Amino acid sequence: MKKVFLPLLLLSGFVAKAQNTSKSYIDKYKDAAISIMHDYGIPASITLAIAMHESASGNSALARKSNNQFGMKGRHSYKTYDSVLASFDDFARMMSERKQFSHLAEKFDSFDYKSWAKGIQRGGYASSSKWSSQVLSLIKKFSLNELDEKPEDSQ
C-alpha cells in the first residue's frame, strides 16, 4: 500500500504546485491583461491564456531569460524584452497592427474570447491545429473569462 500511496502523494503535490504557479501568474499579470482589454479590445482572458500557454506560466526558458511571454519572434530569433509587461504591450501592439489580426477587434467584442482564439489561430499565430483549443482549455480551467465581464455584469 505504501508503494502506491507515496508516488500518488508526490504526484498530487506536483500538480498542486503547478496550479499554484499558474494562479500566481494570473494574480501577477491579470491587471496588465485587463488594461490591454480596455486599450485594444482584446479579451483579458485571451491575452492571459496565450501568455500562460506560450510561456508555461512564466516558467519557460524564453520567458525567464528574455521576458518573452508570447513566443514573439524578431527577424531572426525570439525577441528579448526589458520586462514582462513590455512583452504584454508588444503582443497587444502586434494584435492591433498586423493585418492578419487587426480585423479581430472590429469583428468580435472583448467578451467573445472563443471567436478571438479561433481568429488568432486562423491568422497564423501558431502552427499547431490544437492551439486554440489549448488556449480555450486554460480559460475554462482557471475561469479567466470572468476577467472579461461587462462592467454592468459585475455590479
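## A pair within helix α4

Because Arg93 and Asp90 are three residues apart in helix α4, about one helical turn separates them; helices here (H or I, at least four residues) are DSSP runs, numbered from the N terminus. Arg93 forms a salt bridge with Asp90, with the closest N and O atoms 2.4 Å apart, where a salt bridge is a side-chain nitrogen of Lys or Arg within 4 Å of a carboxyl oxygen of Asp or Glu.

The model is predicted, so that local features need pLDDT of at least 70 and side-chain atom pairs count only at pLDDT 80 or more, while totals for chains, interfaces and linings use all residues. Residues are numbered from 1 along each chain as its sequence is written, and side-chain values use heavy atoms, with hydrogens and water left out.

## The salt-bridge network

A search of the whole structure finds three salt bridges. In one of them Asp90 is paired with Lys79, the closest N and O atoms being 2.9 Å apart; since Asp90 lies in helix α4 and Lys79 in the loop between α3 (61-66) and α4, this pair ties together parts that are 11 residues apart in sequence. In another, the side chains of Arg93 and Glu97 meet at 3.1 Å, N to O, and these two residues, being four residues apart in helix α4, are separated by about one helical turn. Through shared partners, salt bridges join Lys79, Asp90, Arg93 and Glu97 into one network.

Asp90 is buried, with a relative accessible area of 9%, whereas Lys79 is partly exposed at 23%. Arg93 is likewise partly exposed, at 30%, and Glu97 counts as exposed at 54%.

## Ser87 in helix α4

Helix α4 also contains Ser87, which counts as buried at 0% relative accessibility. Leaving aside residues up to four places away in sequence, Ser87 touches Asn67, Asn68, Gln69, Phe70 and Tyr81, a contact being heavy atoms within 4.5 Å.

## Packing of helix α7

In helix α7 (residues 113-122), the buried residues are Tyr113, Trp116, Ala117, Gly119, Ile120 and Gln121. These buried residues pack against α4 (84-97), as well as against α2 (44-55), α5 (99-102), α6 (104-107) and α8 (131-141). Following α7 comes Gly124, whose phi is positive, near 95°.

Terms used: Buried < 20%, exposed > 50% of the residue type's maximum accessible area, 1.4 Å probe, protein only.
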